[in-house]
Each structure stands twice: as C-alpha cells, then as structure tokens.
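Welcome! Here is a short tour for anyone meeting this structure for the first time. Have a look at it below, and then we will walk through it topic by topic.

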Amino acid sequence: MDKETLIAELKTIVKPYAKDEAALANINENTDFINDLKINSANLVDVILDVEEKYNIVIDNESMEKMVNVKAAMEIIESKLA
Amino acid sequence: MLETATYNTMSNRVVITGLGIAAPNGVGIPAFTHAIKTGTSGIRHDPQLAELQFSCQIAGKPDVPEALQLQYLDPLELRNFNSNGILYGLIAGIDAWKDAGLKITEGNDPDWDSGVIFGAGSSGLDKLREAIYKVDALQVRRLGSTVVPQTMASGISAWLGGKLGLGNQVSTNSSACTTGAESLLMAFDRIKNGQATRMLAGSTSDAGPYIWGGFDALKVCTYKHNDCPEKGSRPMSASASGFVPGSGAGAFLLESLESALERGATIYAEVLGGHVNSGGQRGDGTMTAPNSMAVQRCITQAMAQAGVTGMDIDAINGHLTATGKDSLEIENWSKALGRAGKDFPYINALKGMVGHCLSGAGSIELVASVLQLNEGFLFPNINCEDLHPEISAIIDDACVPRELINVNLNIIAKASFGFGDVNACVILKKYING
C-alpha cells in the first residue's frame with residue numbers, strides 16, 4: 001500500500017476523534033494524534049481498536065504505547081500487514 | 001494567583017430557579033407540564049419485557065429520539081453510548097441549568113461557586129452488560145474508552161460537571177427511591193451553609209429489563225394490566241396491584257435567594273427545608289418496608305426545620321407507588337400532620353402517569369410539585385376512580401383530586417421513601433417577592 005493511501009485511510013479512522021479540523025485537513029506523516037489533532041488521550045485506545053478492525057490485525061501492548069502519531073501508526077500497520 | 005470566594009456565613013435562603021425533565025409522559029418542561037395537567041399517561045406496552053417473559057410487560061420510558069440526543073451529546077460522545085440513565089440525566093440537568101438563565105462556562109476556569117449533586121441508583125446497566133459479555137469472552141482489550149464513564153456510579157454528575165464546567169462539589173448520591181428528594185436536600189444544605197452559591201440537583205434512573213428484572217422477581221410490579229398499559233399504575237386505588245416500572249430524570253437548579261435576586265432570575269419556589277432519615281430496619285421497617293415511626297418523624301422534622309406546622313400544608317405530593325403500602329402512607333401523613341377527614345390537605349401521586357421511576361422518581365415528582373406551586377394547579381390522580389376504602393376511612397374523598405384543579409397553593413410537602421428503610425421529605429413554598 002502506498003503512503004498516500006494509508007494516510008488517507010488513517011485520516012478517515014481518526015476523523016471522529018480529531019478536535020482540530022485544520023490539522024486533520026493537513027494530516028501528514030508528522031502529525032501527532034494528541035498535540036496536533038487534539039484527540040483526547042482516552043480516545044487513543046478507540047483509534048487503535050478502529051485500526052485493528054480496519055486492517056484485521058492485532059496491535060500488542062508495546063506497539064500501542066508507540067502509536068501516538070501518524071508515522072508510528074503507519075510503521076506498525078505496515079509491519080503487521082507484512 | 002488563586003481567587004478565594006468569600007461565602008456568606010449566615011444561613012442563606014434557597015430558591016429554585018431552573019427546572020428540567022425527561023419523564024415517560026413528557027421530555028422538556030412544556031411537554032411535561034401539559035401532560036400532567038391533562039392526566040396523560042406515559043405507560044406503554046414494552047415488547048422487550050414481553051419477549052423476556054416478564055410478569056409485568058408495561059413500563060414508562062422517556063421518548064428521546066436521536067435528533068434530541070444530539071442536542072446534548074456530540075456524535076463522538078454518542079459512539080458506543082449505551083447508558084440511558086446518563087442520557088436522561090443530561091437532558092434534565094442541562095435543561096435546568098439553561099432554564100435558570102445560566103451560561104455554560106467557557107474558557108479554562110471552572111465555575112467555582114456552582115456544583116452538582118445528581119443521584120442515581122445504578123449507572124449504564126446496558127453498557128455494563130455489553131462489557132461483561134466482552135470480558136467473559138476474553139476481549140477485555142476491546143472495551144475501548146467508553147465503559148468507565150458510562151458505568152461508574154458517579155457517571156451522571158461527572159458528565160454534567162464537564163458539560164457545564166462546574167468547579168464546586170460534583171457528586172452522585174444514592175438512596176434508592178429517595179435519591180431525588182435527597183439530592184435536593186443535599187444541595188439545599190450546601191447553599192444554606194454558604195459552601196456554594198448554586199447547585200444543580202436531581203436524579204436519574206436507567207430504563208430496561210436489567211434494572212426492572214429484580215423488581216419483577218420481587219413480585220412488587222403489577223401483572224394485571226399488560227393489555228391496558230395506561231390503566232396499570234393505580235396509586236391509592238382499591239384495584240391497585242403493584243407498581244409499574246418507570247425511568248427518567250428530573251433536575252432543579254438551586255440557588256441562594258441573594259444570587260437569584262442579583263441575577264434577576266425567575267424564582268419557581270423557595271425550599272423552606274426538609275429532612276432525611278432512616279427507620280434503621282427496626283420495628284416494622286425492613287429492607288423493603290418502611291418503619292412508620294421513621295416516616296412520621298421524617299415529615300414532622302421536615303416541617304420543624306421549615307418552620308411550618310401541619311396546618312400550613314396546602315398539598316402533599318406523596319410517594320404512593322400503587323402497592324399495598326399506599327394506605328399506610330396516608331395514615332402516616334395523617335398522624336404526622338395531625339389532620340384527617342375533610343381537614344386533610346390535597347394529595348396527589350404522579351406515579352399514576354409515569355409509573356415508579358425508581359431513583360428518578362423523587363426528582364421527577366419534585367419537578368411536578370414545583371410546577372404546581374408556581375402555576376397554581378393540582379394535577380389529577382389518574383386511575384383512582386375507586387379510592388381504596390382504607391384510605392377513604394382516613395381522609396375525605398375530595399382530598400384526592402381526579403380532575404385538574406386550578407388553585408393557588410402556598411406550601412407543598414413532598415416525600416419519598418426507599419428500599420433500605422430510608423425517607424426524605426421536602427417542604428416547598430411559593431415565592432412571592434420577599
């Protein structure tokens with residue numbers, strides 16, 4: 001899967017949780033879920049569950065802790081799909 | 001720098017300046033007022049209870065379509081939302097706040113002078129059921145973020161505190177069917193003692209088979225009216241055969257008289273005082289039955305605190321559930337007030353229209369009481385064509401209005417009694433300038 005497609009799919013996943021619409025519109029590899037998108041930290045677990053459902057993968061506790069920005073999310077998804 | 005509020009150390013007078021409601025026969029004050037004046041029942045046949053083979057297959061649930069839910073919760077909050085008690089409480093609580101003409105706190109500072117005491121008997125039972133199934137299926141990690149805020153006992157006060165930005169006490173009380181009346185008195189005390197300027201009070205009850213099942217099993221609900229739901233809830237009637245389970249929430253904004261006058265707020269009523277107590281499950285009191293000594297004492301202590309006598313009471317809003325205990329309640333009121341026969345005040349029971357809304361009952365019925373004082377009417381006791389002979393032996397038939405009566409009322413006494421042998425009585429007075 002190319003990067004643009006993956007970022008676009010992540011954008012759809014995080015959309016309901018993102019409180020900063022401008023940051024969501026400009027989502028890119030360097031976007032941080034909490035600092036940029038202003039996602040409530042409690043909702044990060046929901047983002048992860050939605051990612052798991054979308055790609056039919058299981059994200060372990062260690063990977064969960066790292067999944068705080070788009071770049072990390074992409075790496076984790078790609079490694080699980082590989 | 002921290003700002004510290006200086007509170008009046010005198011005993012503040014406390015008034016009600018806002019109301020909100022999500023009741024089975026009306027959501028929102030205008031709809032509810034119309035319903036109670038016209039004696040409109042909110043009891044319906046409940047297909048889910050029938051499917052689950054409940055003895056009682058009728059119930060009272062507020063009607064809250066999704067468009068209405070979206071006025072109180074945003075689409076993200078409504079994702080995986082499954083706690084109807086919290087929903088009813090939010091509707092009633094936020095409405096009461098706005099009805100009082102108060103703004104939702106903006107910016108980073110909470111409103112230090114305003115708090116909430118909003119009671120509940122349980123929280124998010126449907127949500128809890130979902131969570132239990134997942135946990136038992138080894139899927140604890142799939143619970144997501146929404147279980148705790150929807151199932152913690154203090155869920156409703158936490159949601160309201162956050163929505164409104166309240167910085168004073170934010171708590172949930174729980175005392176079975178006394179909960180709503182108790183919440184009002186706890187809020188009253190806090191303002192009276194100068195610890196807060198405004199308190200949102202009220203209570204809520206979940207709807208559904210998982211809250212009502214235990215009562216169905218206790219055989220305290222009627223099973224004789226499954227084909228005529230609106231006739232099912234019959235307080236004070238000779239043909240009463242148990243209560244009809246209900247649900248919903250009522251809310252009131254309590255405020256110091258000083259603050260209400262300063263803001264130029266509409267004053268619905270003054271809280272003169274009240275009392276909460278317990279029969280200790282001694283004497284004739286048990287987990288499920290009231291100790292009459294304690295009930296009478298609760299009423300007389302409430303009147304003493306309010307500085308009124310039995311003769312000052314114009315009307316009573318009873319607990320009156322439509323079980324075999326209604327005549328005992330009338331006897332207790334009669335003894336506590338020292339009044340009987342034609343000398344007894346008017347008395348009415350809202351449960352005929354909404355059923356027994358359990359932990360939401362006290363607050364829903366208090367909202368009805370405040371509306372009666374403010375607008376000068378007594379709502380009709382529906383389904384009471386056949387007043388129980390044990391009741392007519394104590395009080396005159398005319399004390400139990402069957403039709404709407406427009407009458408100027410000065411003081412209403414409202415009591416609620418609950419499992420655990422707990423009681424609460426509130427004395428409300430019409431507010432006339434000064």
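Two residues are in contact here if their C-beta atoms, placed from the backbone, lie within 7 Å. This is a predicted model, in which local features need pLDDT of at least 70 and side-chain atom pairs count only at pLDDT 80 or more, while totals for chains, interfaces and linings use all residues. Residues are numbered from 1 along each chain as its sequence is written, and chains are lettered from A and ligands numbered from 1 in the order in which they are written.

**Chain A**

- Chain A has 5 helices and 0 strands, where helices (H or I, at least four residues) and strands (E, at least two) are DSSP runs numbered from the N terminus.
- The radius of gyration of chain A, taken over C-alpha atoms, is 11 Å, close to the 12 Å that the globule rule (2.2 Å times the number of residues to the power 0.38) gives for 82 residues, so chain A is as compact as a globular protein of that length.
- The C-alpha trace of chain A spans about 30 × 30 × 20 Å along its principal axes.
- Of the contacts in chain A between residues at least 6 apart in sequence, 41% join residues at least 24 apart.
- Buried residues are 21% of the 82 residues in chain A; a residue is buried if 20 or more other C-beta atoms lie within 10 Å of its own, exposed if 12 or fewer, and partly exposed in between.

**Where the chains meet**

- In the contact between the chains, 6 residues of chain B meet 7 residues of chain A.
- On the chain B side, these residues divide into 2 nonpolar, 2 polar and 2 charged; Ala, Val, Leu, Ile, Met, Phe, Trp, Tyr, Cys and Pro count as nonpolar, Asp, Glu, Lys and Arg as charged, and the others, Gly among them, as polar.

**The two domains of chain B**

- Chain B is assigned domain 1 (14–263) and domain 2 (273–429), with bounds that come from an automatic or database domain assignment.
- Taken over C-alpha atoms, the centres of domain 1 and domain 2 of chain B are 22 Å apart.
- Their contact takes 58 residues from domain 1 of chain B and 52 residues from domain 2 of chain B.
- On the side of domain 1 of chain B that touches domain 2 of chain B, α9(B) gives the most, with 8 residues.
- That side of domain 1 of chain B has 28 nonpolar, 26 polar and 4 charged residues.

**Helix α10 of chain B**

- Helix α10 (residues 209–218) of chain B has I211(B), W212(B) and D216(B) as its buried residues.
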